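Subject: Structure for your review

Dear colleague,

Please find below the sequence and structure that I am handing over to you. My findings follow directly after them.

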Amino acid sequence: TDFSADSKPSSEYALSLAHRSGAELIALHVIGENGETTPARVAEDRTRQFRDGFDGIKFGQITPQVQVWTGPLPQTVMQAAHRVRADLLVMTVDSGSKGHLRGPSAYEVICRSECPVVTIPWQGRQG
C-alpha cells in the first residue's frame, strides 16, 4: 500500500477480512532504493497515515502492523510475503497511476505469489 486515500478500499477490505477471521494484518509499503529516507522514519509516518485514514472505523482487536521495505516493488513484495508466511495478499491495482501497482508490477506479483492475491481496482479520479 502507499497509504493514500486512493488505497483505502484495499485497506478497508483487508481490515475487514482480518477482523472477521481473527488474522494478523500486515500493511506493507515498499520504497525505492534511492536513499531519500530511512525505512524506520517512513514506517512511523506511514503508521500514522494508515491509522488516520480510517476515520470512524473501529479497529476492534486488530492492530495492523506496518512494515516498510526497500527495493524493487514486485520482488520486494514477494520477499516480504514469503518472510511473514502470508496467507493472502490484498492490493490496489491500477493500469495507469503512480503510487499503486500498475499492470506489469501487479501481474508479476500475482504470477509469482505463493498465496492467493485479491486485487481491488483503483477507483481513481476522473478527468
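Helices in this account are DSSP runs of H or I with at least four residues, and they are numbered from the N terminus. The model is a predicted one.

Overall architecture

The secondary structure of the chain amounts to four helices and four strands. Read from the N terminus, these elements follow the order α-β-α-β-α-β-α-β. The chain has 127 residues, of which 35% count as buried. Of the contacts between residues at least 6 apart in sequence, 72% join residues at least 24 apart. The chain exposes about 8000 Å², and carbon and sulfur atoms supply 50% of that area.

Helix 3 and its end

Helix 3 covers residues 73–84, with Val84 among them. The helix has 12 residues and spans 17 Å from its first C-alpha to its last, which is close to the 16 Å expected at 1.5 Å a residue. Its buried residues are Pro74, Thr76, Val77, Met78, Ala80 and Ala81.

Is Val84 buried or exposed, or does it fall in between? Its relative accessibility is 33%, so Val84 counts as partly exposed, given that buried requires under 20% and exposed over 50%. Leaving out residues up to four places away in sequence, Val84 touches Ile26 and Gln67. The C-alpha atoms of Val84 and Ile26 lie 8.9 Å apart, although the two residues are separated by 58 residues in sequence. After helix 3 comes Arg85, which has a positive phi, near 55 degrees.

The nonpolar core

The largest nonpolar core consists of 12 residues: Leu28, Val30, Trp69, Val77, Met78, Ala80, Ala81, Leu89, Met91, Ala106, Val109 and Cys115. Two or more residues come from each of strand 1 (26–31), helix 3, strand 3 (89–93) and helix 4 (103–112). Helix 3 makes the greatest contribution to this core, with four residues.

Val109, one of the core residues, is in contact with Pro74, Val77, Met78, Leu89 and Met91, not counting residues up to four places away in sequence.

Helix 4

Ile110 also belongs to helix 4. With a relative accessibility of 40%, Ile110 counts as partly exposed. Apart from neighbours within four places in sequence, Ile110 is in contact with Met91, Val117 and Thr119. A distance of 9.6 Å separates the C-alpha atoms of Ile110 and Met78, which are 32 residues apart along the chain.

How many salt bridges does the model contain? The count comes to one. Side chains of opposite charge can pair when their charged atoms come close. In this model the salt bridge is formed by Arg112 and Glu108, whose closest N and O atoms are 3.0 Å apart; the cut-off for such a pair is 4 Å. Both residues lie in helix 4, four residues apart, or about one turn of the helix. Arg112 has a relative accessibility of 44% and therefore counts as partly exposed. Glu108 is likewise partly exposed, because its relative accessible area is 26%.

With kind regards

Terms used. Residues are numbered from 1 along each chain as its sequence is written. This is a predicted model: local features need pLDDT of at least 70, side-chain atom pairs count only at pLDDT 80 or more; totals for chains, interfaces and linings use all residues. Side-chain values use heavy atoms; hydrogens and water are left out. Buried means under 20% relative accessible area, exposed over 50%, partly exposed in between (1.4 Å probe, protein chains only). Contact means heavy atoms within 4.5 Å. Accessible areas come from the Shrake-Rupley method with a 1.4 Å probe; for residues, only the protein chains shown count as cover. The expected span of a helix is 1.5 Å times one less than its number of residues. A nonpolar core is a set of buried Ala, Val, Leu, Ile, Met, Phe, Trp, Tyr and Cys residues joined through side-chain atoms within 4.5 Å. A salt bridge is a side-chain nitrogen of Lys or Arg within 4 Å of a carboxyl oxygen of Asp or Glu.
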